[in-house]
Amino acid sequence: MDSCIFCKIAAKQDPAEILMESDSVVVFKDIYPSAPVHYLVVSKKHIPSIKEVSHEDEALIGHLIHTAKDSAEKLGLSGYKLVFNVGKEGGQIVDHIHLHILGGWAKNKPGSINV
Ligand code: 5GP
Ligand code: ZN
């Protein structure tokens, strides 16, 4: 999708601090972090949100979560939050499916889930 910022980042047409990548997803640093460590796992396929996920996307969503796990390990996070914001009322601003990885808080002091 031409006007979508996450499609552009996934296609390397816009810059981002990329942590890891596979054939179907890319992981990059959030530009306005809501936690000491904040990354986004983004599918290369343009799906607006969880609401538009179809049965054929089930493997992709599983891969998104698995990649979040691998990314958290690479970042040295022993605990973290994974968040999908879904729709405007769910706090979603960018209409391209993404999974937030949030962590890096002091031990025993988990942060807010409002991202
Ligand atoms: P949402 O509220 O849609 O779930 O989260 C979108 C996230 O994308 C926000 O945390 C925001 O900081 C991040 N973001 C928006 N535009 C850009 C961008 O151009 N580059 C990067 N790296 N992150 C972005
Ligand atoms: Zn997109």
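# A guided tour around ligand 1

Start by selecting Ile31: a polar backbone atom of this residue lies 3.3 Å from a nitrogen atom of ligand 1.

Before moving on, a word on the model. It is predicted, so local features need pLDDT of at least 70 and side-chain atom pairs count only at pLDDT 80 or more, while totals for chains, interfaces and linings use all residues. Residues are numbered from 1 along each chain as its sequence is written, chains are lettered from A and ligands numbered from 1 in the order in which they are written, and side-chain values use heavy atoms, with hydrogens and water left out.

**Stop 1: the shell**

Now select everything around ligand 1. There are 17 residues, and Asp30, Gly91, Ile93, His98 and His100 come nearest; to be near, a residue needs a heavy atom within 4 Å. What classes of residue make up the shell around ligand 1? Nine are nonpolar, six polar and two charged. Here Ala, Val, Leu, Ile, Met, Phe, Trp, Tyr, Cys and Pro count as nonpolar, Asp, Glu, Lys and Arg as charged, and the others, Gly among them, as polar.

Colour by secondary structure next. Helix 1 (5–10), strand 2 (25–29), strand 3 (37–43) and strand 5 (98–103) each supply at least two residues of this shell. Helix 1 gives the largest share, three residues. Helices (H or I, at least four residues) and strands (E, at least two) are DSSP runs, numbered from the N terminus.

**Stop 2**

Zoom in on Asn85, in the loop between strand 4 (80–83) and strand 5. An N or O atom in the side chain of Asn85 is 2.9 Å from an oxygen atom of ligand 1. Is Asn85 buried or exposed? Asn85 is buried, because its relative accessible area is 11% and buried means under 20%, exposed over 50% and partly exposed in between (1.4 Å probe, protein chains only).

**Stop 3**

Select Phe6 in helix 1. Phe6 is buried, at 8% relative accessible area. Show Ile97 as well: Phe6 and Ile97 are 91 residues apart in sequence, yet their C-alpha atoms are 8.8 Å apart in space.

Then go to Lys12, in the loop between helix 1 and strand 1 (18–21). Lys12 has a positive phi of about 65° although it is not a glycine, and it is partly exposed at 47%.

**Stop 4: two exposed loop residues**

Pick Asp23, in the loop between strand 1 and strand 2. Asp23 is exposed, with a relative accessible area of 78%. Its C-alpha atom is 7.9 Å from that of Lys44, 21 residues away along the chain.

Finish at His55, in the loop between strand 3 and helix 2 (58–74). His55 is exposed, at 69% relative accessibility, and its side chain makes a polar contact of 2.8 Å with the side chain of Glu58.

Terms used: Polar contact = N/O pair within 3.5 Å; in protein donor to acceptor, adjacent residues only side chain to side chain.
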